[in-house]
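Visitor: I would like to learn how to read strands, sheets and surface patches in a model like this. Where do we begin?

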Amino acid sequence: MEEYGNSFSNFVKNEILEYKWENKQLKVLFYSFLRANGNYSGGGYIVKSSLKEWEHFFNKMFQEFFNISPKAIKTKKLIKYEIYDPEFLIKFTKRLGNLVAKTRDDHKAYISGLFIAKGWISNPKSTSFHFEVRVRNLYHSLDIQEIFEGVGIKTLTIQKNKWYFTYIKKSTDIANVLKLMNASQSVMFFEDQRINRDFISTLKKMDSIEYHNIKKSNETSKLQIKAIKAIKKNKKFLELNEKQKWLAELRVENPSSSFSSLMIKYEEKYKLELSKSTISNWLKIMVDLANQDTGGEKNK
């Protein structure tokens with residue numbers, strides 16, 4: 001799908017922001033976004049985002065939930081808010097370290113705001129599945145792990161370059177996170193790609209097994225034909241009964257045939273039914289007869 005472009009993450013973020021959240025969850029989402037995407041600097045709280053097209057949304061949230069209208073500073077890649085309002089700084093600071101998400105719906109909103117701020121997901125068409133969010137603060141990271149546990153999603157967390165990365169590799173868990181974030185179109189695309197990849201993987205495994213079986217069957221057939229030629233040469237062929245001799249001739253005439261195929265050919269030619277196990281046992285007898293003449297050393 002061309003509409004997903006090169007950045008599946010941005011598509012998911014836009015879909016989250018387009019969803020009609022209830023006011024209570026929207027407040028949790030915006031708090032989570034601010035906490036993950038901001039930091040204290042120069043006596044103020046600085047918030048940066050690459051989602052410049054959502055300036056109107058951010059302005060509305062600041063006004064509705066904090067009654068402020070910080071000026072948006074735009075650069076080539078970012079939109080930045082520098083907030084020095086004392087009342088905001090006091091209220092927001094008091095909430096830091098407090099888990100504001102209490103219900104499952106709050107958890108969904110919290111994860112969504114976190115992903116909008118500092119989340120990344122690999123394109124399902126790529127070679128592996130990966131979902132991650134990152135934050136600077138250890139206590140924030142612990143909150144995030146608690147949030148994911150609250151919705152039944154197993155995560156792993158590592159520290160790297162002063163960041164705490166909480167990530168998911170299991171495709172079914174990633175799909176569930178997308179559902180939690182109300183990104184329905186993203187879920188459909190992700191699941192289509194996941195199913196397609198699983199199907200292709202299954203086909204490759206089947207092809208590999210079939211190739212292995214054909215290779216093994218050809219090697220076994222070569223060994224059997226070599227044994228048949230050897231027992232003919234050393235007169236041990238006479239020790240076989242008539243039906244076994246017919247099978248020997250049939251095997252030499254059909255070197256690439258499987259036991260199932262030999263069973264059908266034998267019945268067509270000699271009007272007698274043989275089971276695959278009988279065919280296998282009789283050909284083994286011929287190989288054993290050939291080995292007897294070489295002092296127990298197998299034909300190779």
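Guide: This is a predicted model. Begin with the hairpin that strand 1 and strand 2 form, with 2 residues between them. In its turn, glycine 42 has a positive phi of about 60°.

Visitor: How many bridges join strand 1 to strand 2?

Guide: In general, strands of a sheet pair through backbone hydrogen bonds, either parallel or antiparallel. Here strand 1 (residues 38–41) and strand 2 (residues 44–49) run antiparallel, joined by 4 bridges. Glycine 38, for instance, has valine 47 in strand 2 as its bridge partner.

Visitor: In what order do the 4 strands of the open sheet come?

Guide: The order is 5-6-8-7, with antiparallel pairing. Strand 5 (119–121) and strand 7 (156–160) are at the edges; each has a single partner strand, so one side of each lacks a neighbour in the sheet. On average, neighbouring strands of this sheet are turned by 25° against each other, direction ignored.

Visitor: Which residue is the bridge partner of isoleucine 121 in strand 6?

Guide: Phenylalanine 131 is that partner. Strand 5 and strand 6 (residues 131–135) are antiparallel and joined by 3 bridges.

Visitor: Which strands does helix 7 lie across?

Guide: Helix 7 (residues 171–180) lies across strand 5, strand 6 and strand 8 (163–168), and runs at about 105° to strand 8.

Visitor: Which residues make the nonpolar surface patch?

Guide: Leu138, Tyr139 and Leu142 make the patch, of about 320 Å². Leucine 138 belongs to helix 6 (residues 138–150). Its relative accessibility is 41%, so leucine 138 counts as partly exposed, a class that lies between buried, under 20%, and exposed, over 50%.

Conventions. Residues numbered from 1 in each chain as written. Predicted model: local features only at pLDDT ≥ 70, side-chain atom pairs only at ≥ 80, totals over all residues. Heavy atoms only, no water. Patch = residues over 30% accessible without salt bridge, like charges linked within 9 Å, V, L, I, M, F, W, Y side chains within 5 Å. Areas by Shrake-Rupley, 256 points an atom, 1.4 Å probe, with all protein chains shown as cover. Salt bridge = Lys/Arg side-chain N within 4 Å of Asp/Glu carboxyl O. Buried < 20%, exposed > 50% of the residue type's maximum accessible area, 1.4 Å probe, protein only. Pairing = 2+ DSSP bridges. Axes fitted to C-alpha atoms, helices over the stretch in contact; angles between N-to-C directions. Contact = heavy atoms within 4.5 Å.
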